[in-house]
Amino acid sequence: MSVTTLDPRTALVVIDLQQGIVGLDTVHPADEVVTRSAELAAAFRERGLPVVLVNVAGVAPGRTDGGPGGAAAFPEGWTELVKELDRQPGDLTVTKHQWGAFSGTSLDQDLRRRGVTQIVLTGISTSIGVESTARFAHELGYHVTVATDAVTDTDPAAHDRAVGTIFPRLGETGSTADILAVLPAATAA
């Protein structure tokens, strides 16, 4: 489903645009994802709508065959959000230790306190952090919109599956321009 509208209390949730992740070899250039995410963040702030900046500082404790499980050591600066996001004092910052931004964090409670009923998602990695957050948001009853030109992944097939199959089942999808075109109708309550 293409972007048709945004609820009056929509939050932008930016996933894992941090020093240790934006340097990965991704399907679409990470700097374009950062630029589009920053553009959306500025527009949301201008309208008094919540901006949530998420970083990942750990991994889930379970054992896996496809990546680190349990304790992982990250290099210094790895979790720092990129400066292009222009973090503001009013932004919510969520540090997660799972794939998605809801599990094990206060994000749901923080959004509900602000009357948020919809989220717009951007970030890296499409099939991991973004998809996990979108799935959980949908299950919690939030309307979900994904800015498809503001997400990317290290795996082309996983990215395409998330954008083409998963996200349309969870909500609406569209470009940054599509979202900005309907954003003026959404103003802080």
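## Exercises on a predicted fold

Strand 4 (residues 118-124) pairs with strand 5 (residues 143-152) in the parallel sense, over six bridges. Keep in mind that this is a predicted model.

**Exercise 1.** Find the bridge partner of G123 in strand 5.

*Solution.* Start on strand 4, which covers residues 118-124. Now hop across to strand 5: the partner of G123 there is V151.

**Exercise 2.** Work out the strand order of the open sheet and name its edge strands.

*Solution.* Step one: the sheet has six strands, lined up as 3-2-1-4-5-6, with parallel pairing. Step two: look for strands that pair on one side only; these are strand 3 (92-96) and strand 6 (172-174), the edges. On average, neighbouring strands are turned by 20° against each other, ignoring direction.

**Exercise 3.** Say which strands helix 5 lies across, and at what angle it runs to strand 5.

*Solution.* First find helix 5 at residues 156-170. Follow it over the sheet and you'll see that it lies across strand 5 and strand 6. Then compare directions: helix 5 runs at about 165° to strand 5.

**Exercise 4.** Describe the whole chain, from its pattern to its surface.

*Solution.* Begin with the parts list: six helices and six strands. Along the sequence they follow β-α-α-β-β-α-β-α-β-α-β-α. Next come the contacts: of those with a separation of 6 or more, 82% join residues 24 or more positions apart. Then burial: 47% of the 189 residues are buried. Finally, the chain exposes about 8900 Å², with carbon and sulfur atoms supplying 50% of that area.

Conventions: Residues are numbered from 1 along each chain as its sequence is written. This is a predicted model: local features need pLDDT of at least 70, side-chain atom pairs count only at pLDDT 80 or more; totals for chains, interfaces and linings use all residues. Side-chain values use heavy atoms; hydrogens and water are left out. Two strands pair if DSSP finds at least two bridges between them. Helices (H or I, at least four residues) and strands (E, at least two) are DSSP runs, numbered from the N terminus. Axes are lines fitted to C-alpha atoms, for helices over the stretch in contact, and angles run from 0 to 180 degrees between N-to-C directions. Contact means heavy atoms within 4.5 Å. Buried means under 20% relative accessible area, exposed over 50%, partly exposed in between (1.4 Å probe, protein chains only). Accessible areas come from the Shrake-Rupley method with a 1.4 Å probe; for residues, only the protein chains shown count as cover.
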